[in-house]
Amino acid sequence: MATKNETASTGREVLSLAAERAIKYANGVRQRRVAPGAPDLQALEKFRETFPEGPSDAESVIAMLDEFGSPATVATTGGRYFGYVIGGVLPAAMGANWLAGAWDQNAALRAMSPIAAELEDVVLRWICEALNLPADCEGGLVTCATAANFTALAAARYALLKKAGWDVAEDGMFGAPPIQVVVGAEVHASALKALSLAGFGKRRVTSVESDGQGRMRADKLPKLSERAIVCIQAGNVNSGSFDPAAEICRRAQEQGAWVHVDGAFGLWAGVSPRYRHLTDGFELADSWATDAHKWPNVNYDSGIVLVRDGSALRAAMTLSAAYLAPGTRREPMHHTPEASRRARGVELWAGLKSLGRSGLCELIERTCLLAKKFERGLLAAGFQILNEVVINQVLVSFGDDAITREVISRIQEDGTCWCGGTEWKGRTAMRISVSSWATTEADVDRSLEAMVRIARARGV
Ligand SMILES: Cc1ncc(COP(=O)(O)O)c(C=O)c1O
């Protein structure tokens, strides 16, 4: 029998309690309303206390978190959440997260966690293979696509300035030769934020006209040079469209420019033979940002940066050659902005291992088919679809902008499902993003019924 002290040090009670409560949450998430109700939000008051003078026992801390925290979550892991581009969580990834929590590894260096470093090596190779990217890319696991965009742009900045005889890591941006940055008119705000963090500024970019689906027009690209970065998109957050990568990369590379791809979710379409044509040409770029917490349904936070010229990534991200000098094998922290960080590769490995190529392909294809089902149902009800539904994103208008806004807000309040609003080509739209493994045909039917019922009640 364990002594009281041994029991306390392993935390068996608190872990069992947390597991029990988490399992109850996971089992109930499909039945509950998607957005929390007003009383659930009201109950968050419970957390607004001054910093406690004394300790609380761990079990009561977990109990409070579950009692007042769980109801105030948004049920993004159920089957009827279609907001932003938020994936659910695969069971293997969630289980791996629990084990990784017990491990509490610092993934900065191989010496700190051989397993974390090993799994990063493995998943980076798998992802290059799955997304049809060059096998010798180097990469890092970051929090999100915004951070991945930033990291890739820092590598691009280093490489282009190095060619111009300027060491940005040592001498910074003040007085550096100017870099031209080109984006599409429908660039995602996160890429602009990454550009501003990297010292390029949001206002200094050249914006290239896009077509009716938000694709950058390759024929409208300005003259480029060896000191230009062209940011393109695989998967527009609204329409799901893909920039014409092959043509843009060809033109950019003829002129020595660096092409960066924001492929936060869209790049994953490349795993499916049915949708692979959409990602053709993106493999020709120089750097890529994507997320596994979106379409692949790995838990947060799971951003991935990949760079063709690994030495540029390492030069931009190395903490210091003298400080904790890397061994001969890949050291995670020399590929990301962070040093200490959690071992996010554990869940990423578990999620991808549990799916395999065929499971990932099935997830991508099924969610795209469910998006088509939404399109058909909404058209049949007389509403207008504003985009060509090429992957998992659907834009619907219920009438004029004011009516659409009102219907969106009533759908959110109703709780059957959750969709957000957006602006598309000057119009307000509701955006449906089918991104979760948990979504079934029945979830789509139930959500469509709610959307039509609510719109009709508004007189549409
Ligand atoms: C195209 C694109 N880029 C970047 C992002 C930002 O992703 P994250 O929130 O992981 O930084 C998104 C989010 O939906 C996106 O769709």
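## Pockets, cavities and the ligand site

The lining of the second largest pocket is made up of 8 nonpolar, 7 polar and 4 charged residues. The model is predicted. In this pocket there is about 260 Å³ of space. Of its 19 lining residues, His-188, Ser-190, Val-237, Ala-264 and Lys-294 lie nearest the centre.

The second largest pocket is also the space taken by the ligand. Around the ligand stand 15 residues, the closest being Ala-145, Thr-146, Asp-262, Asp-291 and Lys-294. By class, this shell holds 6 nonpolar, 6 polar and 3 charged residues.

Asp-262 has a polar side-chain atom 2.7 Å from a nitrogen atom of the ligand. For Asp-291, an N or O atom of the side chain is 2.6 Å from an oxygen atom of the ligand. The side chain of Lys-294 likewise places an N or O atom 2.7 Å from a ligand oxygen atom. On its own the ligand has 400 Å² of accessible area, and the protein covers 85% of this.

The largest pocket has a volume of about 1,100 Å³. It is lined by 32 residues, with Ala-22, Tyr-25, Met-94, Asn-97 and Trp-98 nearest its centre. Elements giving two or more residues to this lining are α2 (12–28), α4 (58–69) and α5 (91–103). The most comes from α2, with 7 residues. By class, the lining of the largest pocket divides into 20 nonpolar, 9 polar and 3 charged residues.

| Cavity | Volume | Lining by class |
|---|---|---|
| Largest cavity | about 70 Å³ | 5 nonpolar, 4 polar, 3 charged residues |
| Second largest cavity | about 30 Å³ | 3 nonpolar, 2 polar, 3 charged residues |

Strand β4 (residues 228–233) supplies the largest share of the lining of the largest cavity, 3 residues. Residues lining this cavity include Glu-186, Val-187, His-188, Cys-231, Ile-232, Gln-233 and Asp-262.

Notes
Residues are numbered from 1 along each chain as its sequence is written. This is a predicted model: local features need pLDDT of at least 70, side-chain atom pairs count only at pLDDT 80 or more; totals for chains, interfaces and linings use all residues. Side-chain values use heavy atoms; hydrogens and water are left out. A residue is near a molecule or strand if one of its heavy atoms lies within 4 Å of it. A polar contact is a pair of N or O atoms within 3.5 Å; within protein, one must be able to donate a hydrogen and the other to accept it, and residues adjacent in sequence count only if both atoms are side-chain atoms. Accessible areas come from the Shrake-Rupley method with a 1.4 Å probe; for residues, only the protein chains shown count as cover. On a 1 Å grid over the protein atoms alone, a cavity is a set of points where a 1.4 Å probe fits but cannot get out, and a pocket is an open set with protein on both sides within 12 Å along at least five of seven lines; lining residues have an atom within 4 Å of a point. A molecule sits in a cavity or pocket if more than half of its atoms lie within 2 Å of its grid points. Ala, Val, Leu, Ile, Met, Phe, Trp, Tyr, Cys and Pro count as nonpolar, Asp, Glu, Lys and Arg as charged, and the others, Gly among them, as polar. Grid points are joined across faces, edges and corners, and a volume is the space filled by probe spheres set on the points. Helices (H or I, at least four residues) and strands (E, at least two) are DSSP runs, numbered from the N terminus.
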